[in-house]
Amino acid sequence: MGNEYFNHRCKVETKRIIWLIGLIFASVLIIQHFELPYRDQSMLSLLFSGKSHFDNNNRNNSSPSTSVTKSENAIDESSSYELSNEDGVGLISSISPSSSLSFGENGSISISISIPPENSRIGGGPTSPDISPGPAISPSRSASPIINKEINDEKSKKSSDVVVSPPTKEVPLVLSVSEMKDTLIRSRVSSFSKSPHWPSKADQELLEARIQIANAPIIETHPILHAPIYRNLSSFVRSYEIMEEKLKIYIYKDGKKPVFHKPRLKGIYASEGWFMKLLEESKQFVTNDPLQAHLFYLPFSSQLLVDYVYVPDSHSFHEINEYLKNYLDAIKGRYLFWNRTDGTDHFLVACHDWAPIETRKLMANCIRALCNSDIKEGFRLGNDVSLPETKVPSPQKPLAKIGGAPPSDRKILAFFAGKMHGYLRPILLKHWENKDPDMKIFGRLKKDSYAWHMKNSKYCICAKGYEVNSPRVVEALVNGCVPVILSDNFVPPFFEILDWESFAVFVLEKDIPNLKNILVSIPESRYVEMQGRVTQVRQHFLWHSTPLKYDLFHMVLHSIWYNRVMRLSP
């Protein structure tokens, strides 16, 4: 009897075990069949809720809510991406797509990524750490493909519906001056700085300044300023007056020489040094009380970063990035001011070609005054400032010899001379060197011959070198020569204030073969008008040992102030 009962129980338990094994195996097959994401809690809850996975798919026809803007047809999933900040500008850290996903409640995911441009390379210098070194001559840069993915954002966290936005219009490879102007106008009404984490008296003063600038009294004539060379003379004059009256800047004492607080006043990158020198000497604009400050200055030299921190031939910005990161970490730990605004009220002035790459990650929120003001290198119209590149031969005499022949005595149609930096200048010489007596296009010239040609030519060709900027723009203005900007995507200095098309000519790089026809087609009366405006605008491009009203120092300072004011949300 006992044996029969024992045998019966064994059979029953064996059947139960076999049934459980079969159930588990069937469950595994079902999960594999539907390819359910095991780490997504919302999908697991869907499995046990009794709802049909297929019904959900038929209603939504895709997976979690997604908004995608894509400028490439296909992206390799193994590519390296970089996070963007809340404004969508500035890159924070390099990550891979798989490691960047974060899962929240109900399976919500949030990510914002961008792909660094291919061949993001400075001529003769380093690349980003994850980009292999390129050739010594900077290649033509293509548009940076940008992808923004927002899966289940704040407004759709409770929904598992999928919304794929239609593809946006790709940014053109070349942005014309008129398109830059339109972009700037749009940014004034649609793009604002992040709100500070807590308010300050300075913020209120800036908002009041914005209102006064917007309601500036109409000025038709001015004793010093000539209205046609400005976008809006009335707004500029009122903004400048408020700046002189109100603006206070705090300069961080942190940072060791020579990279910090040691301006270099000679050479092709001297603009950043002269600004640093004159601002640190200013009693009008500098305050020792940071609570009064409207702006905070980061007093480092982009040139000296390269000279003292960059490892020669390393083709890497790692050391520079670490150096600046340590500096900013010290500021964030010692003061509250960066943390209050995430750096939007901080600014830097940098003229070296590599400055956009040096600063685009760590200082993405700052106002950056850059000589290399290249749209394709991340220059932001309405936020960043185009800094004039000025070649200062002597710190004792920053003021160059001004003027040249009157318009009627300028017999040379067009002039260019310079080293064969970059890809564009060899093309210019191929088409025009020794090809036409009206076109004086050379390689290198002696200093005296170079100056003579500038002072006796109608038009001076300002062709880009390795980067979009060139000291020839300022040299042309100083010598009374109408500048011809031959540099695609170059944002000219003080673009938010000056109407460059009133005193300069812009020629697309692709139109080099047609350069003479373009210049000859300009009526003589129009040339004389532009040349007269060149003589009127050049006061804004001169350094003085003791700053003068409306000079280069004050214009750089004003553009920084103006962009800060206009970026505040009204």
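## Contact between α6 and α18

In this predicted model, helix α6 meets helix α18 through Asp203, Leu206, Ala209, Arg210 and Ile213, which face Trp561, Tyr562, Arg564, Val565 and Met566 of α18. Sorted by class, the contact of these two helices holds seven nonpolar and three charged residues, with no polar ones.

The axes of α6, which spans residues 201–214, and α18, which spans residues 552–566, come within 9 Å of each other and cross at roughly 95°. Because angles of 65 to 115 degrees count as roughly perpendicular, α6 is described as roughly perpendicular to α18.

## Nonpolar cores

The largest nonpolar core comprises 97 residues, and Phe275, Leu279 and Ile461 are those with the most contacts inside it. Helix α18 supplies the largest share of this core, namely ten residues. Once residues up to four places away in sequence are set aside, Phe275 touches Tyr297, Phe347, Val349, Trp543, Phe553, Val556, Leu557 and Ile560.

Apart from this core lies another one of 38 residues, including Val259, Trp354, Ile375 and Leu381.

Cys371 is located in the loop between strands β9 (367–370) and β10 (385–386). With a relative accessible area of 1%, Cys371 lies under the 20% cut-off and is therefore buried.

When neighbours within four places in sequence are left aside, Cys371 is in contact with Ala350, Cys351, Leu387, Pro388, Glu389, Asn469 and Phe490. Between Cys371 and Tyr269 there is a separation of 102 residues in sequence, while their C-alpha atoms are 8.5 Å apart in space.

How values were computed
Residues numbered from 1 in each chain as written. Predicted model: local features only at pLDDT ≥ 70, side-chain atom pairs only at ≥ 80, totals over all residues. Heavy atoms only, no water. Axes fitted to C-alpha atoms, helices over the stretch in contact; angles between N-to-C directions. Helix = DSSP H or I, 4+ residues; strand = E, 2+ residues; numbered from the N terminus. Parallel < 35°, antiparallel > 145°, perpendicular 65-115°, else oblique. Contact = heavy atoms within 4.5 Å. Nonpolar A, V, L, I, M, F, W, Y, C, P; charged D, E, K, R; others polar. Core = buried A, V, L, I, M, F, W, Y, C linked by side-chain atoms within 4.5 Å. Buried < 20%, exposed > 50% of the residue type's maximum accessible area, 1.4 Å probe, protein only.
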